[in-house]
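The following questions and answers are meant to be read beside the sequence and the structure.

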Amino acid sequence: MFYNSTRNSTVKVSSAEAITQGISVDGGLFVPESIPVLTTEDIKAIGEMSYAERAGFVFSKYLTDFTEAEIRYCTENAYSTKNFETESIAEIAHLFDGTYMLELWHGPTCAFKDMALQILPYFLTTSAKKINLDKKIVILVATSGDTGKAALEGFKDVEGTSIMVFYPEDGVSPMQKRQMKTQEGENVGVCALKGNFDDCQNGVKAIFTDSEVKKLLDEKDMMFSSANSINWGRLVPQIVYYVSTYAELVRDGEIEAGEKINIVVPTGNFGNILAGYYAKHMGIPVNKLICASNINNVLTDFINTGVYDRNRKFYATVSPSMDILISSNLERLLYILTDGNDTLIKEWFGKLATEGRYEVTDDIKAKIREEFVAGYCDDVQTAQTIHEIYEKYSYTCDTHTAVAVKVYNDYKAQTGDTTKTVIASTASPYKFSKAVLEAVQNGKSELDEYDMIDRLAELSKMPVPSALADLRNKPERFGDVIDKTEQKNYVLEKLGI
(Lines give C-alpha, C1' and ligand atoms only; values in the text may rest on other atoms or scores of the structure.)
Protein backbone atom coordinates (compact mmCIF):
# COMPACT_ATOMS: atom_id res chain seq x y z
CA MET A 1 0.00 0.00 0.00
CA PHE A 2 1.43 3.36 -1.08
CA TYR A 3 0.22 6.87 -0.38
CA ASN A 4 -0.32 9.83 -2.73
CA SER A 5 -0.48 13.53 -1.94
CA THR A 6 -3.85 15.19 -2.50
CA ARG A 7 -2.05 18.02 -4.30
CA ASN A 8 0.34 15.91 -6.37
CA SER A 9 -0.84 12.46 -7.39
CA THR A 10 2.63 11.51 -8.64
CA VAL A 11 3.92 11.50 -5.07
CA LYS A 12 4.17 7.90 -3.90
CA VAL A 13 5.42 7.10 -0.40
CA SER A 14 5.21 4.22 2.05
CA SER A 15 3.08 4.43 5.18
CA ALA A 16 6.24 4.88 7.27
CA GLU A 17 7.23 7.88 5.15
CA ALA A 18 3.70 9.32 5.25
CA ILE A 19 3.57 9.03 9.04
CA THR A 20 6.99 10.59 9.68
CA GLN A 21 6.40 13.48 7.27
CA GLY A 22 2.86 14.16 8.51
CA ILE A 23 2.08 16.39 5.54
CA SER A 24 3.42 16.35 1.98
CA VAL A 25 6.00 18.97 1.00
CA ASP A 26 3.46 20.39 -1.49
CA GLY A 27 1.01 21.05 1.35
CA GLY A 28 -1.20 18.11 0.43
CA LEU A 29 -2.41 15.32 2.71
CA PHE A 30 -1.40 11.70 2.27
CA VAL A 31 -4.11 9.25 1.20
CA PRO A 32 -3.86 5.50 0.51
CA GLU A 33 -3.87 4.56 -3.16
CA SER A 34 -6.86 2.30 -2.53
CA ILE A 35 -9.20 1.33 0.29
CA PRO A 36 -8.79 -2.30 1.40
CA VAL A 37 -11.90 -4.46 1.69
CA LEU A 38 -13.15 -6.55 4.61
CA THR A 39 -15.38 -9.55 4.00
CA THR A 40 -18.37 -10.56 6.11
CA GLU A 41 -16.23 -13.38 7.50
CA ASP A 42 -13.52 -10.87 8.42
CA ILE A 43 -16.08 -8.79 10.32
CA LYS A 44 -17.36 -11.83 12.23
CA ALA A 45 -13.79 -12.82 13.10
CA ILE A 46 -12.95 -9.28 14.27
CA GLY A 47 -15.86 -9.45 16.72
CA GLU A 48 -14.12 -12.28 18.59
CA MET A 49 -10.83 -10.37 18.96
CA SER A 50 -9.56 -8.00 21.66
CA TYR A 51 -9.46 -4.31 20.73
CA ALA A 52 -5.69 -4.46 20.20
CA GLU A 53 -6.12 -7.44 17.88
CA ARG A 54 -8.89 -5.68 15.96
CA ALA A 55 -6.64 -2.66 15.51
CA GLY A 56 -3.80 -4.88 14.31
CA PHE A 57 -6.07 -6.53 11.74
CA VAL A 58 -7.11 -3.16 10.27
CA PHE A 59 -3.58 -1.74 10.38
CA SER A 60 -2.23 -4.74 8.50
CA LYS A 61 -4.36 -3.66 5.53
CA TYR A 62 -3.01 -0.09 5.46
CA LEU A 63 0.50 -0.27 6.94
CA THR A 64 1.79 -2.99 4.65
CA ASP A 65 5.43 -1.99 5.11
CA PHE A 66 5.13 -2.77 8.85
CA THR A 67 5.86 -6.32 9.96
CA GLU A 68 3.32 -8.26 12.00
CA ALA A 69 5.63 -7.95 15.02
CA GLU A 70 5.93 -4.17 14.59
CA ILE A 71 2.16 -3.76 14.41
CA ARG A 72 1.69 -5.97 17.46
CA TYR A 73 4.29 -3.94 19.38
CA CYS A 74 2.36 -0.74 18.60
CA THR A 75 -1.12 -2.06 19.37
CA GLU A 76 -0.27 -3.96 22.55
CA ASN A 77 1.50 -0.96 24.04
CA ALA A 78 -1.23 1.51 23.10
CA TYR A 79 -4.45 -0.39 23.77
CA SER A 80 -4.19 -1.82 27.26
CA THR A 81 -5.63 -1.12 30.70
CA LYS A 82 -2.47 0.75 31.65
CA ASN A 83 -3.71 3.51 29.30
CA PHE A 84 -7.48 3.01 29.31
CA GLU A 85 -9.88 2.66 32.22
CA THR A 86 -11.84 -0.12 30.53
CA GLU A 87 -10.78 -3.41 28.96
CA SER A 88 -13.05 -2.79 25.98
CA ILE A 89 -11.07 0.42 25.19
CA ALA A 90 -14.10 1.73 23.26
CA GLU A 91 -17.31 1.18 25.25
CA ILE A 92 -20.75 0.79 23.68
CA ALA A 93 -23.63 2.14 25.79
CA HIS A 94 -27.26 1.50 24.86
CA LEU A 95 -28.93 4.91 24.98
CA PHE A 96 -32.37 3.84 23.79
CA ASP A 97 -33.80 1.21 21.46
CA GLY A 98 -31.58 0.83 18.43
CA THR A 99 -29.33 3.73 19.36
CA TYR A 100 -25.84 3.20 20.75
CA MET A 101 -23.34 5.58 22.31
CA LEU A 102 -19.81 4.74 21.23
CA GLU A 103 -17.86 6.04 24.22
CA LEU A 104 -14.41 6.96 22.96
CA TRP A 105 -13.26 8.82 26.06
CA HIS A 106 -11.99 6.20 28.51
CA GLY A 107 -8.33 7.00 27.81
CA PRO A 108 -5.81 9.08 29.77
CA THR A 109 -7.10 12.49 28.64
CA CYS A 110 -10.82 11.59 28.57
CA ALA A 111 -11.38 12.37 24.89
CA PHE A 112 -11.64 10.40 21.66
CA LYS A 113 -8.26 11.70 20.51
CA ASP A 114 -6.65 9.16 22.88
CA MET A 115 -7.81 6.39 20.56
CA ALA A 116 -5.28 7.60 18.00
CA LEU A 117 -2.75 9.53 20.04
CA GLN A 118 -1.87 6.66 22.34
CA ILE A 119 -0.62 4.71 19.33
CA LEU A 120 0.80 7.51 17.15
CA PRO A 121 4.10 7.79 19.10
CA TYR A 122 4.67 4.06 18.53
CA PHE A 123 3.81 4.44 14.84
CA LEU A 124 6.13 7.42 14.52
CA THR A 125 9.17 5.99 16.28
CA THR A 126 8.75 2.64 14.50
CA SER A 127 8.41 4.43 11.14
CA ALA A 128 11.54 6.51 11.78
CA LYS A 129 13.57 3.37 12.44
CA LYS A 130 12.14 1.66 9.35
CA ILE A 131 13.32 4.43 7.03
CA ASN A 132 16.63 4.90 8.89
CA LEU A 133 15.71 8.41 9.93
CA ASP A 134 18.36 9.76 12.28
CA LYS A 135 16.82 13.11 13.14
CA LYS A 136 15.01 14.54 16.11
CA ILE A 137 11.29 14.68 15.27
CA VAL A 138 9.58 17.92 16.29
CA ILE A 139 5.82 17.50 16.63
CA LEU A 140 3.81 20.68 16.03
CA VAL A 141 0.16 20.58 17.04
CA ALA A 142 -2.74 22.97 16.64
CA THR A 143 -5.60 22.14 18.98
CA SER A 144 -9.16 23.20 19.61
CA GLY A 145 -8.92 21.52 23.01
CA ASP A 146 -8.64 17.73 23.00
CA THR A 147 -5.91 16.93 20.46
CA GLY A 148 -3.37 19.04 22.34
CA LYS A 149 -3.59 17.24 25.66
CA ALA A 150 -3.87 13.82 24.04
CA ALA A 151 -0.78 14.50 21.91
CA LEU A 152 1.18 15.86 24.87
CA GLU A 153 0.33 12.79 26.92
CA GLY A 154 1.16 10.43 24.08
CA PHE A 155 4.54 11.98 23.24
CA LYS A 156 5.57 12.83 26.81
CA ASP A 157 9.26 11.88 27.21
CA VAL A 158 9.27 9.78 24.01
CA GLU A 159 12.91 9.50 23.01
CA GLY A 160 13.97 11.34 19.86
CA THR A 161 10.93 13.64 19.84
CA SER A 162 9.79 16.99 21.15
CA ILE A 163 6.28 18.37 20.97
CA MET A 164 4.88 21.89 20.89
CA VAL A 165 1.13 22.58 21.16
CA PHE A 166 -0.71 25.78 20.22
CA TYR A 167 -4.25 26.44 21.40
CA PRO A 168 -6.61 29.45 21.06
CA GLU A 169 -6.32 31.49 24.27
CA ASP A 170 -10.08 31.86 24.75
CA GLY A 171 -11.21 28.89 22.68
CA VAL A 172 -10.91 25.89 25.02
CA SER A 173 -12.71 24.88 28.19
CA PRO A 174 -11.13 25.66 31.59
CA MET A 175 -10.49 21.94 32.12
CA GLN A 176 -8.86 21.52 28.70
CA LYS A 177 -6.65 24.54 29.38
CA ARG A 178 -5.63 23.24 32.79
CA GLN A 179 -4.85 19.81 31.34
CA MET A 180 -2.39 21.39 28.90
CA LYS A 181 -0.84 23.98 31.22
CA THR A 182 -0.01 21.33 33.85
CA GLN A 183 1.42 18.81 31.39
CA GLU A 184 4.42 16.85 32.63
CA GLY A 185 7.40 15.80 30.53
CA GLU A 186 10.80 17.19 29.60
CA ASN A 187 10.15 17.34 25.84
CA VAL A 188 6.82 19.17 25.86
CA GLY A 189 5.79 22.78 25.29
CA VAL A 190 2.43 24.59 25.33
CA CYS A 191 1.54 28.06 24.09
CA ALA A 192 -1.71 30.01 23.77
CA LEU A 193 -2.43 32.01 20.62
CA LYS A 194 -4.44 35.21 20.43
CA GLY A 195 -6.97 34.02 17.87
CA ASN A 196 -9.07 30.96 17.10
CA PHE A 197 -8.27 27.37 16.18
CA ASP A 198 -8.05 28.15 12.48
CA ASP A 199 -5.30 30.67 13.24
CA CYS A 200 -3.40 27.98 15.15
CA GLN A 201 -3.88 25.42 12.38
CA ASN A 202 -2.98 27.82 9.55
CA GLY A 203 0.19 28.84 11.38
CA VAL A 204 1.30 25.25 11.91
CA LYS A 205 0.64 24.35 8.26
CA ALA A 206 2.59 27.41 7.10
CA ILE A 207 5.58 26.42 9.25
CA PHE A 208 5.46 22.86 7.89
CA THR A 209 5.73 24.05 4.29
CA ASP A 210 8.22 26.89 4.87
CA SER A 211 11.40 25.98 2.93
CA GLU A 212 13.52 28.39 4.98
CA VAL A 213 12.44 26.76 8.24
CA LYS A 214 12.96 23.28 6.78
CA LYS A 215 16.53 24.20 5.85
CA LEU A 216 17.21 25.54 9.35
CA LEU A 217 15.89 22.30 10.88
CA ASP A 218 17.96 20.17 8.49
CA GLU A 219 21.09 21.93 9.68
CA LYS A 220 20.21 20.94 13.25
CA ASP A 221 19.30 17.33 12.33
CA MET A 222 15.63 17.99 13.08
CA MET A 223 12.41 17.53 11.12
CA PHE A 224 8.78 18.41 11.64
CA SER A 225 5.90 15.99 11.89
CA SER A 226 2.28 16.36 12.91
CA ALA A 227 0.01 14.83 15.51
CA ASN A 228 -3.08 16.48 14.05
CA SER A 229 -5.40 14.37 11.92
CA ILE A 230 -3.67 15.72 8.83
CA ASN A 231 -1.20 12.92 9.70
CA TRP A 232 -2.37 9.58 8.31
CA GLY A 233 -1.02 7.91 11.45
CA ARG A 234 -3.67 9.85 13.39
CA LEU A 235 -6.52 9.01 11.05
CA VAL A 236 -6.05 5.27 10.51
CA PRO A 237 -6.58 4.39 14.23
CA GLN A 238 -9.93 6.17 14.06
CA ILE A 239 -11.11 3.79 11.33
CA VAL A 240 -10.56 0.96 13.78
CA TYR A 241 -13.25 1.91 16.27
CA TYR A 242 -15.99 1.99 13.65
CA VAL A 243 -14.96 -1.42 12.35
CA SER A 244 -14.67 -2.69 15.93
CA THR A 245 -18.09 -1.35 16.94
CA TYR A 246 -19.92 -2.91 14.01
CA ALA A 247 -18.19 -6.26 14.58
CA GLU A 248 -19.07 -6.12 18.28
CA LEU A 249 -22.73 -5.35 17.60
CA VAL A 250 -22.85 -8.36 15.26
CA ARG A 251 -21.15 -10.56 17.85
CA ASP A 252 -23.60 -9.49 20.56
CA GLY A 253 -26.64 -10.08 18.35
CA GLU A 254 -27.63 -6.41 18.30
CA ILE A 255 -27.50 -6.42 14.49
CA GLU A 256 -27.25 -9.07 11.78
CA ALA A 257 -24.09 -9.31 9.70
CA GLY A 258 -24.74 -7.18 6.63
CA GLU A 259 -27.38 -5.03 8.35
CA LYS A 260 -26.79 -1.32 7.76
CA ILE A 261 -26.26 1.21 10.53
CA ASN A 262 -26.15 5.00 10.65
CA ILE A 263 -23.09 6.69 12.14
CA VAL A 264 -23.47 10.14 13.73
CA VAL A 265 -20.32 12.15 14.39
CA PRO A 266 -19.88 15.58 16.01
CA THR A 267 -17.02 16.99 13.98
CA GLY A 268 -15.16 20.19 13.19
CA ASN A 269 -12.03 19.13 11.31
CA PHE A 270 -13.85 16.29 9.50
CA GLY A 271 -11.31 13.64 10.54
CA ASN A 272 -13.58 11.58 12.80
CA ILE A 273 -16.38 11.29 10.26
CA LEU A 274 -13.89 10.69 7.44
CA ALA A 275 -12.70 7.65 9.39
CA GLY A 276 -16.32 6.44 9.31
CA TYR A 277 -16.31 6.94 5.54
CA TYR A 278 -13.19 4.78 5.21
CA ALA A 279 -14.77 2.10 7.41
CA LYS A 280 -17.86 2.12 5.19
CA HIS A 281 -15.82 1.70 2.04
CA MET A 282 -13.84 -1.11 3.65
CA GLY A 283 -17.11 -3.01 3.87
CA ILE A 284 -18.84 -1.89 7.07
CA PRO A 285 -22.51 -1.59 6.04
CA VAL A 286 -23.41 2.07 6.60
CA ASN A 287 -26.64 3.70 5.52
CA LYS A 288 -25.86 7.36 6.27
CA LEU A 289 -22.91 9.23 7.73
CA ILE A 290 -24.51 12.05 9.73
CA CYS A 291 -22.30 15.08 10.20
CA ALA A 292 -23.20 17.09 13.32
CA SER A 293 -21.99 20.68 13.77
CA ASN A 294 -22.47 23.41 16.32
CA ILE A 295 -23.37 26.97 15.26
CA ASN A 296 -20.06 27.13 13.36
CA ASN A 297 -21.92 25.17 10.72
CA VAL A 298 -19.60 25.49 7.72
CA LEU A 299 -19.69 21.71 7.16
CA THR A 300 -23.49 21.57 7.33
CA ASP A 301 -23.75 24.23 4.66
CA PHE A 302 -21.13 22.52 2.50
CA ILE A 303 -22.76 19.10 2.61
CA ASN A 304 -26.16 20.61 1.85
CA THR A 305 -25.06 23.04 -0.90
CA GLY A 306 -21.61 22.07 -2.17
CA VAL A 307 -20.32 25.54 -1.29
CA TYR A 308 -17.57 25.79 1.31
CA ASP A 309 -17.47 29.33 2.69
CA ARG A 310 -15.43 30.24 5.76
CA ASN A 311 -16.31 33.93 5.33
CA ARG A 312 -18.71 34.00 8.23
CA LYS A 313 -18.86 34.97 11.87
CA PHE A 314 -16.86 32.71 14.17
CA TYR A 315 -18.59 31.65 17.40
CA ALA A 316 -17.00 30.48 20.63
CA THR A 317 -19.37 27.77 21.91
CA VAL A 318 -19.83 25.28 24.74
CA SER A 319 -18.57 22.62 22.31
CA PRO A 320 -15.18 24.27 21.63
CA SER A 321 -13.48 21.30 19.97
CA MET A 322 -15.85 21.91 17.03
CA ASP A 323 -15.24 25.66 16.81
CA ILE A 324 -13.54 25.35 13.43
CA LEU A 325 -14.14 27.02 10.06
CA ILE A 326 -11.43 25.26 8.03
CA SER A 327 -11.98 21.51 8.02
CA SER A 328 -8.67 20.07 6.87
CA ASN A 329 -9.70 16.46 6.31
CA LEU A 330 -12.37 17.43 3.81
CA GLU A 331 -9.49 17.64 1.34
CA ARG A 332 -8.99 13.88 1.60
CA LEU A 333 -12.66 13.16 0.91
CA LEU A 334 -12.75 15.44 -2.13
CA TYR A 335 -9.57 13.86 -3.50
CA ILE A 336 -11.26 10.45 -3.31
CA LEU A 337 -14.52 11.68 -4.83
CA THR A 338 -12.71 13.35 -7.75
CA ASP A 339 -10.79 10.10 -8.44
CA GLY A 340 -7.51 11.70 -7.43
CA ASN A 341 -7.84 14.90 -9.45
CA ASP A 342 -5.07 16.92 -7.81
CA THR A 343 -5.65 19.83 -10.22
CA LEU A 344 -9.17 20.33 -8.90
CA ILE A 345 -8.00 19.96 -5.30
CA LYS A 346 -5.32 22.61 -5.77
CA GLU A 347 -7.84 24.91 -7.42
CA TRP A 348 -10.46 24.55 -4.68
CA PHE A 349 -8.11 24.79 -1.74
CA GLY A 350 -6.19 27.60 -3.40
CA LYS A 351 -9.48 29.51 -3.54
CA LEU A 352 -10.14 28.65 0.11
CA ALA A 353 -6.78 30.19 1.04
CA THR A 354 -7.15 33.34 -1.09
CA GLU A 355 -10.92 33.95 -1.21
CA GLY A 356 -12.17 31.87 1.72
CA ARG A 357 -14.62 30.05 -0.51
CA TYR A 358 -14.98 27.38 -3.19
CA GLU A 359 -17.80 25.41 -4.81
CA VAL A 360 -17.51 21.81 -5.97
CA THR A 361 -18.97 20.46 -9.20
CA ASP A 362 -22.51 19.09 -9.49
CA ASP A 363 -21.35 15.48 -9.72
CA ILE A 364 -19.35 15.85 -6.50
CA LYS A 365 -22.34 17.46 -4.78
CA ALA A 366 -24.42 14.42 -5.76
CA LYS A 367 -21.80 11.98 -4.48
CA ILE A 368 -21.63 13.80 -1.14
CA ARG A 369 -25.41 13.85 -0.68
CA GLU A 370 -25.58 10.14 -1.49
CA GLU A 371 -23.50 9.25 1.58
CA PHE A 372 -23.70 12.19 4.00
CA VAL A 373 -26.40 14.19 5.70
CA ALA A 374 -25.70 17.15 7.95
CA GLY A 375 -27.27 19.29 10.61
CA TYR A 376 -26.34 21.66 13.40
CA CYS A 377 -27.58 23.11 16.66
CA ASP A 378 -26.78 26.09 18.88
CA ASP A 379 -25.72 26.23 22.53
CA VAL A 380 -29.28 26.52 23.84
CA GLN A 381 -30.33 23.39 21.97
CA THR A 382 -27.16 21.62 23.13
CA ALA A 383 -28.03 22.34 26.77
CA GLN A 384 -31.64 21.27 26.27
CA THR A 385 -30.46 17.97 24.77
CA ILE A 386 -28.09 17.26 27.69
CA HIS A 387 -30.97 17.92 30.09
CA GLU A 388 -33.43 15.74 28.16
CA ILE A 389 -31.02 12.81 27.92
CA TYR A 390 -30.30 13.05 31.64
CA GLU A 391 -33.98 13.19 32.57
CA LYS A 392 -35.13 10.45 30.18
CA TYR A 393 -32.28 7.97 30.35
CA SER A 394 -30.21 8.94 33.43
CA TYR A 395 -27.31 9.32 31.03
CA THR A 396 -24.91 12.26 31.17
CA CYS A 397 -23.14 13.31 27.99
CA ASP A 398 -20.77 16.11 27.11
CA THR A 399 -21.55 19.12 24.95
CA HIS A 400 -20.13 17.67 21.70
CA THR A 401 -21.99 14.39 22.04
CA ALA A 402 -25.18 16.34 22.74
CA VAL A 403 -24.78 18.15 19.42
CA ALA A 404 -24.67 14.75 17.71
CA VAL A 405 -27.77 13.53 19.56
CA LYS A 406 -29.72 16.68 18.68
CA VAL A 407 -28.78 16.49 15.00
CA TYR A 408 -29.65 12.78 14.92
CA ASN A 409 -33.04 13.38 16.56
CA ASP A 410 -33.78 16.07 13.97
CA TYR A 411 -32.74 13.76 11.14
CA LYS A 412 -34.89 10.93 12.45
CA ALA A 413 -37.91 13.23 12.84
CA GLN A 414 -37.48 14.60 9.31
CA THR A 415 -36.89 11.27 7.56
CA GLY A 416 -38.53 8.60 9.69
CA ASP A 417 -35.34 6.56 9.29
CA THR A 418 -35.33 3.83 11.95
CA THR A 419 -31.96 2.31 10.98
CA LYS A 420 -29.99 1.33 14.06
CA THR A 421 -27.56 4.11 14.83
CA VAL A 422 -24.16 4.55 16.46
CA ILE A 423 -23.42 8.00 17.92
CA ALA A 424 -19.77 8.85 18.46
CA SER A 425 -19.44 10.13 22.02
CA THR A 426 -16.23 12.12 21.91
CA ALA A 427 -15.46 13.37 25.42
CA SER A 428 -16.14 12.83 29.10
CA PRO A 429 -18.78 15.24 30.44
CA TYR A 430 -16.30 16.20 33.17
CA LYS A 431 -14.12 17.98 30.61
CA PHE A 432 -16.94 20.51 30.16
CA SER A 433 -18.30 20.38 33.69
CA LYS A 434 -19.73 23.90 33.85
CA ALA A 435 -21.80 23.64 30.67
CA VAL A 436 -22.90 20.09 31.45
CA LEU A 437 -23.78 20.76 35.10
CA GLU A 438 -25.78 23.86 34.23
CA ALA A 439 -27.63 21.90 31.55
CA VAL A 440 -28.36 18.95 33.83
CA GLN A 441 -29.69 21.09 36.67
CA ASN A 442 -31.25 23.62 34.29
CA GLY A 443 -29.66 26.64 35.94
CA LYS A 444 -26.48 28.62 36.44
CA SER A 445 -23.77 27.38 38.78
CA GLU A 446 -21.43 29.63 40.75
CA LEU A 447 -19.26 26.79 42.00
CA ASP A 448 -15.58 26.63 41.07
CA GLU A 449 -14.36 24.12 38.48
CA TYR A 450 -13.63 21.28 40.91
CA ASP A 451 -16.71 21.79 43.05
CA MET A 452 -18.71 21.61 39.81
CA ILE A 453 -17.06 18.29 39.03
CA ASP A 454 -17.97 16.99 42.48
CA ARG A 455 -21.57 18.14 42.06
CA LEU A 456 -21.79 16.60 38.59
CA ALA A 457 -20.49 13.33 40.01
CA GLU A 458 -23.29 13.37 42.62
CA LEU A 459 -25.94 13.90 39.96
CA SER A 460 -24.59 11.65 37.22
CA LYS A 461 -23.42 8.79 39.46
CA MET A 462 -20.43 8.52 37.12
CA PRO A 463 -16.96 8.20 38.64
CA VAL A 464 -14.67 11.17 38.00
CA PRO A 465 -11.77 10.01 35.79
CA SER A 466 -8.58 9.95 37.85
CA ALA A 467 -6.76 11.94 35.14
CA LEU A 468 -9.08 14.90 35.78
CA ALA A 469 -9.39 14.52 39.54
CA ASP A 470 -5.60 14.60 39.90
CA LEU A 471 -5.36 17.99 38.16
CA ARG A 472 -6.62 19.82 41.22
CA ASN A 473 -3.22 19.93 42.90
CA LYS A 474 -0.93 20.00 39.87
CA PRO A 475 1.18 23.15 39.32
CA GLU A 476 0.81 25.03 36.04
CA ARG A 477 4.00 24.87 33.96
CA PHE A 478 3.09 26.81 30.82
CA GLY A 479 1.71 30.31 30.51
CA ASP A 480 3.05 31.77 27.22
CA VAL A 481 0.58 33.75 25.11
CA ILE A 482 1.60 35.07 21.67
CA ASP A 483 0.10 36.81 18.66
CA LYS A 484 -0.54 34.60 15.63
CA THR A 485 2.11 36.53 13.69
CA GLU A 486 4.74 35.37 16.18
CA GLN A 487 4.18 31.63 15.82
CA LYS A 488 7.07 30.86 13.45
CA ASN A 489 9.65 32.83 15.46
CA TYR A 490 8.36 31.31 18.68
CA VAL A 491 8.91 27.79 17.35
CA LEU A 492 12.43 28.56 16.14
CA GLU A 493 13.32 30.23 19.44
CA LYS A 494 12.08 27.26 21.48
CA LEU A 495 14.12 24.93 19.27
CA GLY A 496 17.21 27.01 19.85
CA ILE A 497 17.47 28.06 16.19
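Two strands are said to pair if DSSP finds at least two bridges between them. The model discussed here is predicted.

Q: Which residue in β16 does K194 stand opposite?
A: Strand β8 comprises residues 188-194, and it pairs with β16 in the parallel sense over three bridges. Within β16, the residue opposite K194 is D483.

Q: Which strands are the edge strands of the open sheet?
A: Five strands form this sheet, with parallel pairing, in the order β9-β6-β7-β8-β16. An edge strand here pairs on one side only. That description applies to β9 (222-226) and β16 (481-483).

Q: How many disulfides does a search of the whole structure find?
A: A disulfide requires two cysteine sulfur atoms within 2.5 Å. For C110, the nearest cysteine sulfur is that of C397, 16 Å away, and C110 is in no disulfide. Over the whole structure, the number of disulfides found is zero.

Q: Is C110 buried or exposed?
A: A residue counts as buried under 20% relative accessible area. The relative accessibility of C110 is 2%. Because of this value, C110 counts as buried.

Q: Is the pair of F66 and F123 stacked or edge-to-face?
A: A search of the whole structure finds 19 aromatic pairs. In the pair of F66 and F123, the ring centres are 6.0 Å apart and the planes stand at 80°. Planes over 60 degrees apart count as edge-to-face. The pair is therefore edge-to-face.

Q: How many residues apart are F66 and F123 in the chain?
A: F66 lies in the loop between α3 (51-62) and α4 (68-78), whereas F123 belongs to helix α6 (residues 120-130). F66 is buried, with a relative accessible area of 6%, and F123 is buried as well, at 0%. The pair links distant parts of the chain, and the separation in residues is 57.

Q: Over the ring of which residue does the charged end of K130 sit?
A: A charge sits over a ring only if, among other conditions, NZ of Lys or CZ of Arg is within 6 Å of the ring centre. The charged end of K130 is 5.4 Å from the centre of the ring in question. That ring belongs to F66.

Note on methods: Residues numbered from 1 in each chain as written. Predicted model: local features only at pLDDT ≥ 70, side-chain atom pairs only at ≥ 80, totals over all residues. Heavy atoms only, no water. Helix = DSSP H or I, 4+ residues; strand = E, 2+ residues; numbered from the N terminus. Buried < 20%, exposed > 50% of the residue type's maximum accessible area, 1.4 Å probe, protein only. Phe/Tyr/Trp six-rings, centres within 6.5 Å; stacked < 30°, edge-to-face > 60°. Lys NZ or Arg CZ within 6 Å of the ring centre and 35° of its normal.
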